[in-house]
Amino acid sequence: MKDSTTPTTRSEHLFARAQQVIPGGVNSPVRAFKAVGGTPRFIARAQGAYLWDADGNRLLDYVGSWGPMILGHNHPAVVEAIRAALEEGLSYGAPTEREVVLAEKVLQAYPGCDQIRFVSSGTEATMSALRLARGYTGRDLIVKFRGNYHGHADSLLVQAGSGLLTGSGGTARSAPSSAGVPEAFAELTLVADYNDPEGLKALFAQQGEQIAAVIFEPVVGNAGVIVPTNEFLEALHRLTQEYGALLIADEVMTGFRLAPGGAVELLGLKPDLVCWGKIIGGGLPVGAYGGRAEIMQQVAPLGPVYQAGTLSGNPVAMAAGIATLDTLLTQPPYAHLERYGQALQEGLAGIFRQAGIPTTINRVGSMITVFFREGPVSTYAQAVASDTQRFKQFFHGLLQNGVYWPPSQFEAAFFSAAHTQTELERTLEVVEQVVREL
Ligand code: PLP
């Protein structure tokens, strides 16, 4: 049944070469497989639901470039839009119509936002949103949640999730989470527990008048999938309003993935600022932040909050984003993703139950995590109590059989519009075989 697996000689060779010239051989830590061991696959190409590694092994992809590839790899509409844009030049450092079009499309999906500014990554989006919140409120403190990840801006590398939870960088679970972040910066970042409204209330009672903003993942993906409780969401809105702090929904992962209007639409949120990335660039580097006009107009050149970028609003990236959002609108994959997700979740749960292996599977739409532990996972502490040894075996078993799951217990797996019944059956068949050997 193997349509992947060994040989991996070429990946090994490339990894050895990469380690000579790139720290750890990778340009983003989790790619190095540090949490699971072994050699990362070097990818040569991708199509639909599949990747092919440098040795020609086909891999059924559940990483989706960590979120952007909701339409599947190399979607013809996106490729065609990029090709057309290429013909017209790569970057001008001047405004273009495509920026206006993409801005209008994103804002249409987020009726609570009047204006948007494009940047080149999710990190830049959250970093800029924080600066704006501080500039707008005239306050310095920000609040983030333990295990949430918002990119690698200094203020946000405090008790952060994603690669920082698996020793893929920094000194996990201490504040700050990375060397090189001055204590003085970290002191301006208050850390609270996700899904703990009482904790948040206590924090605001102590320092609420100095808090510029609370930033949060509206559905957590970066500690594995964790779903917010209604009480927690209600407290976020109430406390930020009461104390005059801005609520920043980091929709870099969830925007256009959980619904066209992301988690904001799905959960009925009313944030002051929203951050986007991943899907809005269709696989090319794009991030953005937006909100009400009175806040956004504090940004340069209108206001005193400076933020700029040589490649911001890059025409080729805008073209990929426009084509992706157009396709999501004209052929919405959300019902399909929900059906696929439900069947995947039920199938996985059945296999683990039958094998007597304790797992908790959290899923929202096309984001899913199998936590290897008994009992619910609705807090960071519960997530990190998972059996990471077992996860490693699960991960490598899947990889050996051509299923590319995220190489960490604390990441969401993603599937796409290109994942069909064939991929679903194949996945469950492989998992069943792997679980027998766990
Ligand atoms: N915010 C969230 C919720 C993310 O998941 C990520 C990346 O995974 C980021 C921000 C940072 O985005 P980028 O990696 O594009 O800088």
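Predicted model: local features only at pLDDT ≥ 70, side-chain atom pairs only at ≥ 80, totals over all residues.
User: Which residues are around the ligand?
Analyst: Ser121, Gly122, Thr123, Tyr149, His150, Gly151, Glu217, Asn222, Asp250, Val252, Met253 and Lys278. They make the list because each has a heavy atom within 4 Å of the ligand.

User: Asp250 is on that list. What does Asp250 stand opposite in β9?
Analyst: Cys275. Strands β8 (residues 246-250) and β9 (residues 273-276) run parallel here, with three bridges.

User: How do you know that β8 and β9 really pair?
Analyst: Pairing takes at least two bridges, and these strands have three, so they pair.

User: What is the strand order in the sheet of seven strands, and why are β4 and β6 called edge strands?
Analyst: The open sheet runs β4-β10-β9-β8-β7-β5-β6, with mixed pairing. β4 (115-119) and β6 (189-192) are its edges because each pairs on one side only. From one strand to the next, the twist averages 20°.

User: Which helix packs on that sheet, and which strands are touched?
Analyst: Helix α4 (residues 122-137), touching β4, β5, β7, β8, β9 and β10. Its direction makes about 165° with that of β9.

User: What about β2 and β3: how do you know that they pair?
Analyst: Three bridges join β2 (residues 50-53) to β3 (residues 58-61) in the antiparallel sense. At least two are required, so they qualify. Leu51 has Leu59 as its bridge partner in β3. Both strands belong to an open sheet of four, ordered β1-β2-β3-β13.

User: Why is the α3/α10 crossing called left-handed?
Analyst: α3 passes α10 in a left-handed crossing, which means that the near helix is turned anticlockwise from the far one by less than a right angle. The axes cross at roughly 35° and come within 9 Å.

User: Which classes of residue make up the contact of α3 with α10?
Analyst: Eight nonpolar, one polar and four charged. Among the residues that meet are Val101 and Leu102 in α3, and Met318 and Ile322 in α10.

Definitions and conventions
Residues numbered from 1 in each chain as written. Heavy atoms only, no water. Axes fitted to C-alpha atoms, helices over the stretch in contact; angles between N-to-C directions. Contact = heavy atoms within 4.5 Å. Nonpolar A, V, L, I, M, F, W, Y, C, P; charged D, E, K, R; others polar.
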